[in-house]
Amino acid sequence: MVIGMKLLLSLTDQSFRATKSMGIFNVSIGLARGLMNCPGVRELHILGNNECAESFGELKPHVHLHLCDRPVPRRLGRLWWDQVEISDVIRSIDPDWALLPKGFPPFFPRPGRTRLACYVHDVIWEYYRSIRCQDSPFPRHELLYFRSLGLRALKAADLVLTSTQFNRSRFEVYAPQVNTAVIGIGFDDEVLPPPPSLPEQERFGLLFFASPYPHKLTALGMRRLSAWLEQLPEADRVRIHVIGRLPAHAELPDERWIQHERLPFAELKLLQRRECRATVYFSAYEGFGMPPVESLRNGVVCVASDLPPIRENVPSRYLFRNGDEADFIACLNRAWQHPQELELPDYPDWNAVAERAVAAMRACSPGE
């Protein structure tokens, strides 16, 4: 019997510059690195481009990178890749398992004996169905397309991997027989203590995550932060570093707000460590909620919306109710006044998450 599996991982459309979701980009690259070190994988094939290759360094002998000279597919090219080319490549490589880390399988039947695992991150179409179409930045046909792909993953994949028990509970609503394994999300960066206090607590920066997508509640977050500033004695000294794009027609309130848009992760961590006493993360819907965990691991307190998946991974003392302005202000005041009092749970690294994924696939393959 051959020990270990032959595994294919598709990263072809994962790009820091092009992705709509930094969370899925980081998860995809982290999972690939973990699988490279997994003893249960004898042969690993990664479908990626040169940008992905930069994240891996020197490849081990059992790891093979394909399509590395191809650009990231865009628009119709991305659609063609998802629906046609991925099946052709799976057939040519003929792995035991094909793992799609963004969670979307093709509508066409997959070829050959290969089993399919999809890492499904959420069912966010629930949120976008609940808001009016004119409030959504997505065309209606695009929402229907991704909802259809998500439902196909739940109903057609041999195994659905996900990050939280909350996701599993939502999947079962749409596909009661879905075979799901909750493997979590990994974090390989060094865990840092809180930054040393500056003289007289002269760290007056605050990091605020913004987004043009409605579920990130950027406009609400800006209103809540403005109300918080009004009651803060040293409000004129505060600088709010805005990470991400603003919604259409939104503007920063005044010169205390500094927009950075998208930052590489290393630069983001450095900004937090050097200038910020706290981080603020608003959201109406999450599958996991990576920024609050990443902030805590970077030694910076993060207050975040009290949502079920975030509650699974972030201490409750850092969570606020979106609909309660007083609760938000009280929560942020605690973080602002006591930045050194950091509560940090244990989180797995990507090697551990990759081993969980491989164990779940092997459990679906008796006799391997």
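Buried means under 20% relative accessible area, exposed over 50%, and partly exposed in between (1.4 Å probe, protein chains only). This is a predicted model: local features need pLDDT of at least 70, side-chain atom pairs count only at pLDDT 80 or more, and totals for chains, interfaces and linings use all residues. Residues are numbered from 1 along each chain as its sequence is written, and side-chain values use heavy atoms, leaving out hydrogens and water. The whole structure holds 15 salt bridges, each a side-chain nitrogen of Lys or Arg within 4 Å of a carboxyl oxygen of Asp or Glu.

- Aspartate 88 is partly exposed, at 35% relative accessibility.
- Aspartate 88 pairs with arginine 91, with 2.9 Å between the closest N and O atoms.
- The two sit three residues apart in helix α3, about one helical turn. Helices (H or I, at least four residues) and strands (E, at least two) are DSSP runs, numbered from the N terminus.

- Arginine 42 and aspartate 96 form a salt bridge at 3.7 Å, N to O.
- This pair links distant parts of the chain, 54 residues apart: arginine 42 lies in strand β2, aspartate 96 in the loop between α3 and β4.
- Arginine 42 is partly exposed at 35%, while aspartate 96 is buried at 12%.
- A salt-bridge network links Arg42, Asp94, Asp96 and Arg113.

**Helix α8**
- Its buried residues are Leu268, Lys269, Leu271, Gln272 and Arg273.
- Lysine 269 forms a salt bridge with aspartate 189, at 3.7 Å between the closest N and O atoms.
- Aspartate 189 lies in the loop between β7 and β8, 80 residues from lysine 269.
- Both partners, aspartate 189 and lysine 269, are buried.
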